[in-house]
Amino acid sequence: MPRPVPAVDAPELAGYWEGVARQVLQVPQCPSCHALRWPPRGACPVCGVVEFGWAPVPAAGTLHSYAVVNRAFHPAFAGEIPYTLCVTEVAPGVRFLGRLVGVADRDIELGMPVTAEFADAGGARLVYWRPTQPGG
Amino acid sequence: MTSPQAGASITGVGESAFTRGTSHSELQLCLKAARNACLDRECPPESLDGLVIPGGRKFRVEDVVTGLGITDLRFSSRAELGGASSVAAIGHAVAAIVSGLATRVLIVGGWRGYSDRRLGAGGDDLLDKLAQAFPAPEFRRQLEHPYGLIVPLQYYALQANRWIREFEIDLSALGAVSLACRSHAQLNDKAVMKDRPLAIEDYLASPIVSDPFRVLDCCLETDGAAALIVEESGRTAGGIRVLAVAEGRPDSPDDITNRPDMLDLGIAKAAGRAFDSAGLGPEDMDFCELYDCFTFVVLRQLEEMGFCPRGESPKLVAERGITLGGKLPVNTHGGLLSEAHVLGLNHVTEAVRQLRGSCGARQVDGARLGLVTGYGDFGDGAIAVMGR
């Protein structure tokens with residue numbers, strides 16, 4: 001069974017996935033007060049403006065939390081077990097859900113620096129996070 | 001009590017059978033539970049004039065009206081907080097009663113949680129159902145499913161690991177919750193896990209589904225329904241007073257990833273309101289029926305409701321004892337973990353029976369005050385403080 005892929009035509013998230021395709025992380029930004037609006041909301045919760053543009057955010061951050069998954073709930077992921085979900089913070093108020101790679105479970109530490117990697121999986125380009133190499 | 005909410009009482013409770021496998025539809029299970037609540041109240045079903053349906057159900061208000069022969073329904077609403085809806089629904093019913101919009105309100109909910117929707121079954125259909133069952137389905141489809149974040153347990157594992165790391169949690173507390181619920185189920189003929197006692201060795205041998213959660217940290221998937229009748233206090237002898245009821249949402253209620261404090265839960269806001277309204281506190285509760293989709297959620301609710309500081313629920317559970325006979329009995333019917341998953345409405349029916357003193361072998365001695373919680377979606381919460 002194929003992996004579930006993001007529908008890149010969903011309007012409020014299209015810019016995010018378009019950025020991922022170019023190996024850039026970008027999120028909606030309020031054109032009025034410049035607050036980052038992530039995940040996308042119907043209007044800017046700060047000033048109420050519904051329009052938005054796109055602003056780049058760093059492709060590196062710190063590990064906020066993680067979860068090692070030992071059982072697949074969708075057949076597409078059965079061959080990937082065990083895999084590690086992670087939440088990475090790249091800017092104040094901006095976190096991404098993704099996959100953590102390149103670190104043994106016992107070595108995972110909250111707050112550890114991680115860097116984005118872009119890789120294709122099952123017809124979609126996704127974001128993986130790997131512990132930042134010293135000096136990297 | 002000075003709370004205006006104390007003007008309403010739960011006067012009838014009922015359930016369908018709780019099973020794993022059924023030939024009945026969700027509606028049929030609910031109609032059976034509603035009729036049993038009317039029998040318990042000794043009122044004809046047509047006398048009901050209000051209806052609250054906890055969220056996500058497949059049937060409509062009209063299906064209940066026609067299925068029960070209700071002749072003049074004056075009030076209806078739906079509570080939409082996922083698994084917290086059953087307790088939040090009590091708030092709707094109380095509001096209808098104290099405002100005079102209705103006089104006898106039915107709350108009924110149930111599902112074919114085993115026969116229709118087992119999560120382990122997998123499949124594309126499951127992804128759509130899960131996305132639709134949560135707030136902001138597009139976030140689920142777009143930002144989470146592609147990475148394999150799909151089922152509630154995985155979301156809560158993200159929170160659990162943050163909690164475990166931040167507070168150096170002793171994980172044996174998860175097992176203590178699982179075992180307490182199972183031991184209570186041995187005293188409950190309706191419990192699906194009656195006659196299947198559990199030892200700590202069994203718990204520790206149960207496979208890890210998503211670290212730190214084992215199979216035995218997860219609730220049952222069952223078919224069944226439960227119903228409540230709410231009326232103005234004093235209309236009948238033996239009603240159980242709703243001393244306070246409240247619902248609450250965490251910050252960023254549609255997204256755990258970007259919740260500023262990932263451990264924030266709606267029950268923190270709701271419990272503060274409810275205890276203030278009732279003029280009571282955690283220390284006054286003779287028992288707690290806590291929504292237990294996962295063992296972890298029981299521990300976290302105790303913390304966020306103020307029974308202990310954050311990170312100290314394992315110590316609280318060990319010191320006070322949550323099994324019957326302990327100082328803080330929790331889920332005296334076995335809970336979603338070991339009685340049945342009836343959307344948490346079975347927690348309310350149990351609390352009512354505890355306060356009536358009709359729980360037999362599992363009765364909490366001298367129970368006068370108790371609380372029930374609901375927990376739903378990404379941490380929505382609801383609480384009812386009840387007393388006789």
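Let's start in chain B with helix 3, residues 85-99: its 15 residues reach 21 Å from the first C-alpha to the last, close to the 21 Å expected at 1.5 Å a residue. Keep in mind that this is a predicted model.

How covered is helix 3 of chain B? Mostly: 12 of its 15 residues are buried. The buried set opens with B:Ser85, B:Ser86, B:Val87, B:Ala88, B:Ala89, B:Ile90, B:Gly91, B:His92, B:Ala93 and B:Val94, and B:Ala96 and B:Ile97 complete it.

Chain B has nine strands forming an open sheet with mixed pairing, and if you walk across it the order reads 3-2-4-7-1-8-11-10-9. At the edges sit strand 3 (75-79) and strand 9 (287-289) of chain B, each of which pairs on one side only. Going by the average, neighbouring strands in this sheet are turned by 25 degrees against each other, direction ignored.

Let's zoom in on one pairing. Strand 1 of chain B (residues 8-15) and strand 8 of chain B (residues 240-248) pair in the antiparallel sense, over two bridges. If you want a spot to look at, find B:Ser9, which stands opposite B:Arg241 in strand 8 of chain B.

Strand 8 also leads us back to a helix. Helix 9 of chain B (residues 266-278) lies across strand 8, strand 10 (369-376) and strand 11 (380-387) of chain B. Relative to strand 8 of chain B, helix 9 runs at about 145 degrees.

Technical notes
Residues are numbered from 1 along each chain as its sequence is written. Chains are lettered from A and ligands numbered from 1 in the order in which they are written. This is a predicted model: local features need pLDDT of at least 70, side-chain atom pairs count only at pLDDT 80 or more; totals for chains, interfaces and linings use all residues. Helices (H or I, at least four residues) and strands (E, at least two) are DSSP runs, numbered from the N terminus. The expected span of a helix is 1.5 Å times one less than its number of residues. A residue is buried if 20 or more other C-beta atoms lie within 10 Å of its own, exposed if 12 or fewer, and partly exposed in between; C-beta atoms are placed from the backbone. Two strands pair if DSSP finds at least two bridges between them. Axes are lines fitted to C-alpha atoms, for helices over the stretch in contact, and angles run from 0 to 180 degrees between N-to-C directions. Two residues are in contact if their C-beta atoms, placed from the backbone, lie within 7 Å.
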